[in-house]
Amino acid sequence: MASIQFAKVTKSFDKQEVIKDLDLKIEDGKFTVLVGPSGCGKTTLLRMIAGIDPQTSGQVLINGKDVTRIPPGQRGVAMVFQNYAIYPTMSVRENIEFGLKNNKVPNEERTRLVESISATVGLGNYLDRKPSTLSGGQRQRVALARAMVKKPSVFLMDEPLSNLDAKLRAQMRIELIELHKKLGTTFVYVTHDQVEAMSMADTIVLMNQGVIQQEAPPDVIYRQPNNLFAAQFIGVPPMNVGDLGVDGVRFGFRPEGAVLSHEPGDFHYSVQGMIATREMLGSETLYQVKSDKHAFMIKCIEDRFSVDQEVYVGVDAAKLFFFGANEQRIHES
Ligand code: ATP
């Protein structure tokens, strides 16, 4: 088990600073998800923990110890990549035990480890198969098993599910949550997908342009976003934002935080508009409502409005957010 800390870390490529004076503590045994748009520096952080690409300045500490001079192989971390990095000509068993053989782990111990780990990830019946005969999800499990045999104290995962289809991704998310529970090891997981972050993380570290925007459990980021960026990155569809027309202050509300009706009703914020689009999603319907100034997305459990209908969008005070000119959320006093 291991905690990780970044202390005043910067990272530059060709004079371009992509990580800016970053401080972060990743707790021991927790499932931490680094999330943010493409290019915000997530993979760069992971590579610094692994020791593949060291920081330009500042310190990276594992269990309180500065690991700057410790090579990747000796940091007790294992990395699982998007493209699996499994050997196509080797069987599942050979893939899993490859690292063990290299480390001259005795035969019996090797067999015992491979069998227990393959059972943990549900590959017990596939040990003699070649990767080409496995599904995407099974290949992903081989990659996980390969990392697990090293008994790392930290698992680093870089978008490991992004090559899988939506259904399999959903299934693997659950499997990763269960695996984390079983192992009790520190997981650091990189994704640009806020759904993965919301569903798996104990703690989300939300980044933009090399700077942490918010570090909090999923429900806290959802309910109390620090700023406009966090408010619009977490949640699907993103938070609606409108202009108050005063001093750059903007207001926001979530698509599921508004009420649609034929009457104005008694709401803190209410606006008249027209249904522009309707998407029936099964258990809920998503409407786009256009008023004279804004276009809002509204999520409803009921499917009782149709395109071109006049409606009112109403939002209770408790569901409204406000953001100042600096894009920080204005906290209710
Ligand atoms: P993605 O989700 O697209 O993988 P990311 O958040 O993981 O993005 P990084 O890969 O960490 O982003 O890259 C952060 C920034 O650093 C980007 O602007 C990228 O172009 C730049 N960068 C990363 N590696 C290098 C490199 N070896 N040389 C030059 N610039 C690099």
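Lys8 is exposed, with 11 other C-beta atoms within 10 Å. The cut-offs run as follows: a residue is buried if 20 or more other C-beta atoms lie within 10 Å of its own, exposed if 12 or fewer, and partly exposed in between, with C-beta atoms placed from the backbone. Lys8 lies in strand S1. Its phi is near 50 degrees, a positive value in a residue other than glycine.

This is a predicted model: local features need pLDDT of at least 70, side-chain atom pairs count only at pLDDT 80 or more, and totals for chains, interfaces and linings use all residues. Residues are numbered from 1 along each chain as its sequence is written.

## Overall build

The protein has eight helices and 18 strands. Both are DSSP runs, numbered from the N terminus: helices are H or I with at least four residues, strands are E with at least two. The C-alpha atoms fill a box of roughly 75 × 45 × 35 Å, taken along the principal axes.

Of the 333 residues, 34% count as buried. Two residues are in contact if their C-beta atoms, placed from the backbone, lie within 7 Å. Among contacts between residues at least 6 apart in sequence, 63% join residues at least 24 apart.

## Around the ligand

Which residues surround the ligand? They are Phe13, Asp14, Val18, Gly36, Ser38, Gly39, Cys40, Gly41, Lys42, Thr43, Thr44 and His192. A residue is near a molecule if its C-beta atom, placed from the backbone, lies within 6 Å of it. Helix H1 (residues 42-50) gives the largest share of this shell, three residues.

By class, the shell has three nonpolar, seven polar and two charged residues. Here Ala, Val, Leu, Ile, Met, Phe, Trp, Tyr, Cys and Pro count as nonpolar, Asp, Glu, Lys and Arg as charged, and the others, Gly among them, as polar.

Strand S1 (residues 4-13) runs antiparallel to strand S4 (residues 57-62), and five bridges join them. Two strands pair if DSSP finds at least two bridges between them. Gln5 has Leu61 as its bridge partner in S4. Leu61 in turn has Asp66 as its bridge partner in S5.

S4 and strand S5 (residues 65-66) also pair in the antiparallel sense, over two bridges. They form a hairpin with two residues between them. Asn63 in the turn has a positive phi of about 50 degrees.

## The five-stranded sheet

An open sheet of five strands has the order S13-S17-S14-S15-S16, with antiparallel pairing. Strand S13 (259-261) and strand S16 (295-300) stand at the edges. Each has a single partner strand, so one side of each is left without a neighbour in the sheet. Neighbouring strands are turned by 45 degrees against each other on average, direction ignored.

Within this sheet, strand S14 (residues 269-280) and strand S15 (residues 285-290) pair over six antiparallel bridges. Ile275 has Val289 as its bridge partner in S15.

## Helices H4 and H5

Two packed helices are described by the angle between their axes and the distance between the axes. Helix H4 (residues 136-148) and helix H5 (residues 166-183) pack at about 35 degrees, with their axes 10 Å apart. Axes are lines fitted to C-alpha atoms, for helices over the stretch in contact, and angles run from 0 to 180 degrees between N-to-C directions.

H4 supplies Gly136, Gly137 and Gln140 to the contact, and H5 supplies Leu168, Gln171 and Met172. These residues divide into two nonpolar, four polar and no charged.

Lys151 is found in the loop between H4 and strand S7 (154-158). Is this lysine buried or exposed? With 12 C-beta neighbours inside 10 Å, Lys151 counts as exposed. Lys151 has a positive phi of about 50 degrees, although it is not a glycine.

The peptide bond from Val236 to Pro237 is cis, with omega near -15 degrees. Pro237 sits in the loop between helix H8 (228-233) and strand S11 (240-246).

## Gly99 and its contacts

Gly99 is found in helix H2 (residues 92-102). With 14 C-beta neighbours inside 10 Å, Gly99 counts as partly exposed. Leaving aside neighbours within four places in sequence, Gly99 is in contact with Arg146, Val149 and Lys150. The C-alpha atoms of Gly99 and Glu302 are separated by 55 Å, and these residues are 203 apart along the chain.
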